[in-house]
Each structure stands twice: as C-alpha cells, then as structure tokens.
Amino acid sequence: MARTPLSPDNSAIVLVDHAIGFSNLIGSHTVEEVVSGTVALAKIAKVFAMPLVVTNGLDEAPSGPLFPELAEVLGDHPVVRRREGFDAFLDEAFAAAIEATGRRRLIMAGIQTDVCLALTALTALDRGHEVYAVVDASAATTRETHDTAVLRLVQAGVVPVNWLAVGSELQRTWTDERTAPGFAQVIFEHLGSWRHHHALTANAHEPAAG
C-alpha cells in the first residue's frame, strides 16, 4: 500500500502534559532531553504553520505548569486545561481541539509514555486517527517502561518517530526556502552534533593559521 509522507497540510502536532511536576518521574531520559525534544516539536509546528494542540492539568495541581521552556515558545498559544483523566480525550475541550484541526494524522508526545501518551494515542486510533508517537519528546520512569509502552503502541498501529525525523519529513528538501531556514535553526538549537558539524564545516573554509 502506498504511503503518504507527513506534510504540514495533513498532520497536527499534539503535546500532552509536559509539566514540571512530572520531572521527578522521568528516568528513561534526562529531563533536559525531554524538554529539548518537546520544545523542538513546538518550534517545528510554528516553522511549518501546523495545527498545534497543547494540553496540561491545572497549574495549581501537583503536576504544576508546563515546562518554562515550552511555555516561552508557546507564548499566547491556547493550552487545554484538563481537570482529570489520563486519557486526554476524556476532556471534551481537548477532543474538540483535535477535531478542530481537521487533521487525521496526529504527531503526538506525552510526558508519560506509558500513561498519558499511550492512553491518548490509543483512543486517537479508536477515533480513526493515524498516530505518530515522538519517542524523544516522551518519557517514563525507567527505560524498560518507556520501551514497553512504545512496543504496546506499535502493536496497536502507532508509528514511532523522533522529532528530527518528523521535521525532516515535513521539510523534505533544503531547496524549499520557505521553511528551510527555520527548520535549520531548530536543528541548530536542539541537536548538539549539528552545531559541532556546522562549526567543523565552517572552519574548513577558513585559512589555516600559522
């Protein structure tokens, strides 16, 4: 069966519960890795002018507000505030926000791979969506629980991806200058090896000292 690539016109990005109160539960990745991957996804949504649905609990709840780095990128972008339910679709406002995107493909990440991401993604499948789970913008208490949750999702039909793969598939080619500078900046800011490569190639064109 022919596969249709991800594009800004057929996909939406969904971020579930990336709150500071969950930081002490992260063991499969470093907190810095999860924050970086999540912020990169939010920036990708902006670069490609894609629908972005962000949800979290109440700021005064034990989970607390969103990661400050994510909140800074979002600015005044609306956040769906949920009072209960590990599955975000239990909240009517979240379900309505997803429906309002008009997209059947959801590129999704959640602070708990095995809980809020898994349960929300499984319901999305049940509702007829095609789901891509961003594994480096999601985390769990241990690497084992993260990997097990990803396996569960894959068996159900979710496609595992990482944020760089998502952005690269959306960009497709550097010759598309409408988005190439913005996406290159996201990579430069969130992928250390890219910065090192950039410095190396830049230095290669400079005259040798001595």
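Axes here are lines fitted to C-alpha atoms, for helices over the stretch in contact, with angles from 0 to 180 degrees between N-to-C directions. Helices are DSSP runs of H or I, at least four residues, numbered from the N terminus. This is a predicted model: local features need pLDDT of at least 70, side-chain atom pairs count only at pLDDT 80 or more, and totals for chains, interfaces and linings use all residues. Residues are numbered from 1 along each chain as its sequence is written, and side-chain values use heavy atoms, leaving out hydrogens and water.

Start with α1 and α7. Their axes come within 10 Å and cross at roughly 170 degrees. That makes α1 roughly antiparallel to α7, meaning an angle over 145 degrees. Who touches whom? On α1: S36, V39, A40, K43, I44 and V47. On α7: G182, F183, V186, E189 and H190. Contact means heavy atoms within 4.5 Å. By class, that is six nonpolar, three polar and two charged residues.

Now α6, residues 163-171, against α7, residues 180-190. Those axes come within 11 Å and cross at roughly 165 degrees. So α6 and α7 are also roughly antiparallel. In α6, W163, L164, G167, S168 and Q171 meet A180, F183, V186, I187 and H190 of α7.

Last, V134. Leaving out residues up to four places away in sequence, V134 touches L41, I107, M108, A109, V161, N162, W163 and V166.

Conventions: Helix = DSSP H or I, 4+ residues; strand = E, 2+ residues; numbered from the N terminus. Parallel < 35°, antiparallel > 145°, perpendicular 65-115°, else oblique. Nonpolar A, V, L, I, M, F, W, Y, C, P; charged D, E, K, R; others polar.
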